[in-house]
Amino acid sequence: MDDISHFFGREEEASRFVSVINTEGQHVLVFGDRGVGKTSLAITTCRVLLQRVMGGGKYIEKRCDSSDTFESIVLNVLRALEIEHQNREMTQTTNRGGKASIKIPVAGAELDSHRQNAVKVLHQVSLSSPSWVAEQLQSKPGIFLIDEVDAVAGKEDRKKLAELVKLLSDNKSPLKVVLVGIASTGSDLTAGHPSVQRCLKEVQLKRMDDDDIKKIIRNGFKKLGQVPTEEVVTRITDISAGLPHFTHLICLKCAEASVVSGNKHIGSEVLTAALIESVKDSENALKDSYTNCLHSFNKPLEYKVIVLGAAQCKGSEFRAYDIRQQLQDRVGLDVEAAIISRRLTAIAAKAGGIIEKCGRGYYRFVDPRMPSFVKLLHGADKQSAA
């Protein structure tokens, strides 16, 4: 998401973001679960800031992966700002002028004397030093967005990033740093750096409200001149469970189907067909985790039903009793809580399982996106069966 006209919800978080960035010496840390819209918030807000608030400056974006280090991350911004980032030898020439005295047997005289000295010096680069990097960047206006900081494997590298932010803050630099990553607490992304908290303000993104998800759905279809039924809006909202990633994915597939058919009315038939396409385009990590877990049991269908019931539970944690209620209400199945409990224990005991135990009698999904994927898959399965 990189256009403010497509951005809905998150007004409170966006307002805090703007307030922090517009304060001298302050930088931003955006964190939360996968799929909640961290990158969309950061990119959209940064571009608006540069255009309307900061009055210019350069926008530099770096998306990290497991191979990145502090050096590879800062190299990105140094190149973008055309700052010398390689060691090289230079020759500096200096002119010296003055009067040179000479003595001759008969009389004294003075002559003009000019000398030229050539000195070789080394332009020393230290990419591994936060203080050196801060010195190069501190006078450059703009925003440096570092996305997926959680992917950086080295704890020391994340500490150096925090140190860089602190140094830029101390020097009142016009270059603002925005760190974005998956985490349950902000300190996870800065490796617990003790003194960065005062200048690195946290913006935590949680799941979106249903009303904001519905705004995304209705406004998106309105721009295309397409009309979804209320049932379609409600089902997409339920599957999304506050994660705009799934909202965009399902709506995209609905819109494509509508364009192909030439019918601007989007009803349940279009939606169920779109769910099948959405499953195909879902992240492989989700599909593989789900499939590998269930297929490791002798009776995968039984476990599939339990996982579906768990996906329907409200909140991040659930009990066997909660699953039983959902199965009764949603699909008309009456399964004893003791049977459900045994199945949950078996899933949680599997290495690489999709559900884990988080307390006595309480469980949760390992990946917070899994419930939405399970509901997405269930909708696609119903269409395939039909």
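Predicted model: local features only at pLDDT ≥ 70, side-chain atom pairs only at ≥ 80, totals over all residues.

Me: What is the angle between helix H8 and helix H9, and how far apart are their axes?
Reply: Helix H8 covers residues 244-261 and helix H9 covers residues 268-280. The crossing of these two helices is right-handed. They pack at about 120 degrees, and the axes are 8 Å apart.

Me: Which residues of H8 and H9 make the contact, and how do they divide by class?
Reply: H8 brings Leu 249, Ile 250, Lys 253, Cys 254 and Ala 257. From H9 come Val 270, Leu 271, Ala 274, Leu 275, Glu 277 and Ser 278. By class, the contact of H8 with H9 has eight nonpolar, one polar and two charged residues.

Me: Is H4 oblique or roughly parallel to H5?
Reply: Helix H4 (residues 130-137) and helix H5 (residues 155-170) pack at about 40 degrees, with axes 9 Å apart. Angles under 35 degrees count as roughly parallel. The angle therefore makes H4 oblique to H5.

Me: What is the handedness of that crossing, and which residues of H5 are in the contact?
Reply: H4 passes H5 in a right-handed crossing. On the H4 side, the contact uses Pro 130, Ser 131, Val 133, Ala 134 and Leu 137. On the H5 side, the residues are Lys 160, Glu 163, Leu 164, Leu 167 and Leu 168.

Me: How is H3 placed against H4: roughly parallel or oblique?
Reply: The axes of helix H3 (residues 70-80) and H4 come within 11 Å and cross at roughly 10 degrees. With under 35 degrees as the cut-off, H3 and H4 are therefore roughly parallel.

Me: How many charged residues are in the contact of H3 with H4?
Reply: H3 gives Phe 70, Val 74, Val 77 and Leu 78, while H4 gives Pro 130, Trp 132, Val 133, Gln 136 and Leu 137. These divide into eight nonpolar and one polar, with no charged.

Me: On to the largest pocket: how much space lies in it, and which residues lie nearest its centre?
Reply: The space in the largest pocket is about 760 Å³. Its lining counts 33 residues. Nearest the centre lie Arg 207, Ala 241, Gly 315, Ser 316 and Pro 368.

Me: How does the lining of the largest pocket divide by class?
Reply: Elements giving two or more residues to the lining include strand E7 (200-205), helix H6 (210-223) and helix H14 (370-385). By class, the lining has 12 nonpolar, nine polar and 12 charged residues.

Definitions and conventions. Residues numbered from 1 in each chain as written. Heavy atoms only, no water. Axes fitted to C-alpha atoms, helices over the stretch in contact; angles between N-to-C directions. Helix = DSSP H or I, 4+ residues; strand = E, 2+ residues; numbered from the N terminus. Parallel < 35°, antiparallel > 145°, perpendicular 65-115°, else oblique. Left-handed = near helix turned anticlockwise from the far one by under 90°. Contact = heavy atoms within 4.5 Å. 1 Å grid on protein atoms, 1.4 Å probe; cavity = no way out; pocket = protein on both sides within 12 Å on 5 of 7 lines; lining within 4 Å. Points joined across faces, edges and corners; volume = space filled by probe spheres on them. Nonpolar A, V, L, I, M, F, W, Y, C, P; charged D, E, K, R; others polar.
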